[in-house]
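Please work through the exercises below with the sequence and the structure at hand. Each task is followed by a solution in steps.

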Amino acid sequence: MPNLRHPAYPAADLLRLESLVPCRESQVSTLLSIFGERQQFSFPSIFIYGHTSSGKTYVLQTLLTTLQLPHVFVNCVEYFTSRLLLEEILLQLQSCSGAEQTSPVHCDTLNDFVRLFKQAVASQELQDQTLYIVLDRAEQLREMEANILPGFLRLQELTDRNVTVVLLSEIVWELFRPNIGCFEPFTMYFPDYSIGHLQKILSKNHPPECSADFYAAYINILLGVFYMVCRDLKELRHLAALNFAKYCEPVVKGEANERDTRKLWKNIEPHLKKAMQTVYLREISSSQWERLQQDGGEPGQLKGLSAHSHVELPYYSKFLLIAAYLASYNPVRTDKRFFLKHHGKIRKTNFMKKHEKTSNHLLGPKPFPLDRLLAILYSIVDNRVAPTANIFSQITSLVTLQLLSMVGQNDQLDGPRYKCAVSLDFIRAIAR
Amino acid sequence: QQIQEDMNKQLLDSLVSFLSRSHSDFREKTTEWTCEMKFREIPTAALVLGVNVTDHALTFRGLSDVLQDNITPYVALLEAKDCPGIKNLMQKLMGQLMSCDVDVDSLEDEDGVQVSQNRIRCSMASLISWYESVTKKTDSETPSKKRNSSSRHWQSPPVVVIFKDMESFTTKVLQDFIVISSQHIHELPLVLIFGIATSPMIIHRLLPHSVSSLLCIELFQSLSCKEHLSTIIDKLLLTSQFPFKLGGKVLQVLINIFLYHDFSVQNFVKGFQLCIVEHFYSQPLSVLCCHLADIKKRAYSLSHDQCENIRRLPSFRRYVEKQESGKQIELLTNDSFLKEETEKLLEDIHVYHENYVSILRCLHVFTSSLPKYPLGKQIRELHCACLENRVWETEEYESCLQLARMLNKTDLVTMLQQCVEILMSSSGKKFDKTVGKLKGFLTQFQDLEAEASQERDVSISSQKELQRKTDLYHLQKTLLELKESRRSKKLTKFEMLRFEVVDYIDRLVRKYLVPADDRTLHEIVYFNAAAVLRGHLNAAPRTALHTALNNPHWYLRNQALKCDGGGISNKAPDICIVYKLHLECGRLINLVDWLEAFSTVVMAAEEPNADAASSDHVDDIIHARFIRAVSELELLGFIKPSKQKTDHVARLTWGGC
């Protein structure tokens, strides 16, 4: 295991840093060597990518705070417009230099930003240190003005100050590159944690009242169940915390001792499987799960989200939806055959309909005009339907409920076209 | 009228009680949630409300009021149409939160809010700082003053954000908002409420797993709208408190609109109110439709014209014809005598209502448990059936009685007990005898039970006897005898009593559930103009337009326009002629042919002999008239210009659609 070594920083800090970021030593040492010493100019922009919860944000944040490097940390989702983003950076800059009063700043464009940034840096004792601007979830930058991303990439050059921009993202750099070309940042990849890594990290934060070995054994079992479906560290940690009480139960009751892993495993395994089906999918919430554990009841009594999938609809809405479904999945040429000769061969046509549908289902719903929908409606409803305003308003209300969707909204008046947005199962449930 | 206001208030009361019922458990939950923040999840309530979108506004208003009263002053209601982007969402959210803050501590920081309204930085950071300042102020600055106003709220009240219509929000906005707020959940205790109209699966469809894992969702199901409707009907129609009643057909129309079209309780109540207005507006005698206490006063203040109106009522005429001749003359000539008689009749109607409702409930107890529900499962169906015609003459009622005669004892006894309870709770004194009778039945049943046990002994002994006999012929004979005796025995004991009960119920029904149309002066209290109501509520714009264009006489009331058969009259307005001609065409209409036909029709009357001379030349004026009519049709949306063929227009409507 390579120890972190760098001449510029005290060894104690480095040691602490190493203990805080397990399994990311190589990345940290690379970053440190890029950063260099405090006063040295660093690479203008660094792009770090990796899958969800591979520790990008965490590593950067711990690195910068432990070594007390001046930095600004901004989440691009939170500051959704360029103006908010730039102003937030300037605000944080003011506060990180220790200025007491943070006066509101106004900064609309990148040009203003560069000017204000120069002022801010010049006014403080930051000149001799590299300032780091970390932009988390940088993929949002692509949706802002075109000059923002290239501007950040060469901020060092533009401001002529000692500054390094670090972009964090979950997607690769190739998807960022604007077509007008830009300065290429130094890219760096954070690989996923392996199962060994996960084991190590999860075991690290064991509750103080039980031994590390005991908790590690628990984590081992947990990973055995969940690793197949979930590798998200955050999610796993959540699940570990939720189910630990249940695992400890026999020990607390005195039925088993801490070493008796086999017994404990037998106790917890079905429980974890149940958790995988419910909590992990958010069918029931974690608080409900906890209450369930306390009561010791069966989760069967608590119905999950998907159990309530039945929808009550008014009489004509049901028929409208069925008509829409038929219009979406049947080709126009078969309409005559299905709906015109209504007496007699209904069974046969039904059979043929089903046969044809299987192929159409793979293609997805097709748009259909309003007239066709109504024509089918009239033919499938037994008694006469008057074309009242209520029927028309029901169509729009179905659209707002996202059961139908409107296609091509260019003109409402001449023949709006719709698509049916529900599945066959849903229609079956309604048609009953 | 004040009655209508009464009605509104009652409705609101019932709604609020309904709300508090469905959300009382919810409120308890919120208190638990705030303790549970360790996992960085946003507590979320998914509120499944059913598809009656129009009712939701009221529900949410009630909910936010309840929340504001009991839990937190910070409630924001967000609607999808206000929030096309995350920016608008934040603006709206902050605006609402800050203004509700103003509501709570009235005027202290008005200047601060005014500044913020103008150019606030709409970000989470500013929201948090606002929240911190507000809460700090609440518990440090003026603790004594705050105690009284917000003692019910706790130290750090959660901020509740309600998404009214989850389905219509764009995915991105929701995702971004949830991601942002999950990052600040420690500083800002946020609670989300999703209003869901369809099914909770929508959450999974809208949000990817990475986002939904940030939420801690609990599901709450509100009462189904059908149940809601039955409570409303129960409260409004099946009481004797309100003098105004709906006739059978009208009620049927309202319920049909509800069930077939929109499931909206709101609309049902609106329709009901419309009925009230229509009734009081169109029926001059509706002054008499008031509470029992006022009838006397109002009856005496009737003018002569109004008395004449009463005499003209068909039900009153029927009544008069039944009286003896002296009284007839008196009724038809003497106003004051008429007034007294009217008062008496109205009181009769009032009494009839009281009896009607309780007996209806009794009958409902019987019919609702029968297999296949011949008279309907809900009390409203029974109510409609009873209003419509004499219920005992219908086939369904017959089958009901047949089925009731086959009920087993325990069911029958419980039903009787329920009936007794209903009758006891009703205000009328006249039911004492009925209650006594029913109680008599009950005791008889109990006696029967005692007898039955004895009887069982007898039958067991006879069976023992049977076992002893070995002769086949004898065996057969005794078996037959036994069967015979058993049948006759049962008929004498339990079955007899059962018949008696059913007959008694039947008699009650015949006595009290007389349809309202048979009552004298029912026109005053009942609103029966179903056709009018249907015209108002179930508008058919397409049909109206078609009638106007196809048959201009209908609206213009000009005798000259009245045409018979399918012919096209040339006296009709141009647009009607053009419309009728266009009905005969296919999908694409050739403008030249159309113009030709138009000019033929118009010329036919003006100069029937001149058409030979100028057959190929069309008059400029006629040309202009044609063009105007066609563009009017285009404006109405019947045709549109087509690019497929030159000089053609496309037809847009076909028959009913």
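**Exercise 1: a sheet in chain B**

Step 1. Strands are DSSP runs (E, at least two residues) and helices are runs of H or I with at least four residues, numbered from the N terminus.

Step 2. Within β10(B), H648(B) is the bridge partner of N590(B).

Step 3. The open sheet has 3 strands in the order β8-β10-β9 (chain B), paired antiparallel. β8 (588-590) and β9 (639-641) of chain B each have a single partner strand, so one side of each edge strand has no neighbour in the sheet.

The model is predicted: local features need pLDDT of at least 70, side-chain atom pairs pLDDT 80 or more, while totals for chains, interfaces and linings use all residues. Residues are numbered from 1 along each chain as its sequence is written, chains are lettered from A and ligands numbered from 1 in the order written, and side-chain values use heavy atoms, without hydrogens and water.

**Exercise 2: a residue in chain A**

Is A323(A) buried or exposed, and which residues does A323(A) touch?

Step 1. A323(A) lies in helix α13 (residues 315-329) of chain A.

Step 2. Its relative accessibility is 0%, so A323(A) is buried (under 20% relative accessible area; exposed is over 50%, partly exposed in between; 1.4 Å probe, protein chains only).

Step 3. Leaving aside residues up to four places away in sequence, A323(A) touches L373(A), I376(A), L377(A) and I380(A) (heavy atoms within 4.5 Å).

Definitions and conventions
Pairing = 2+ DSSP bridges.
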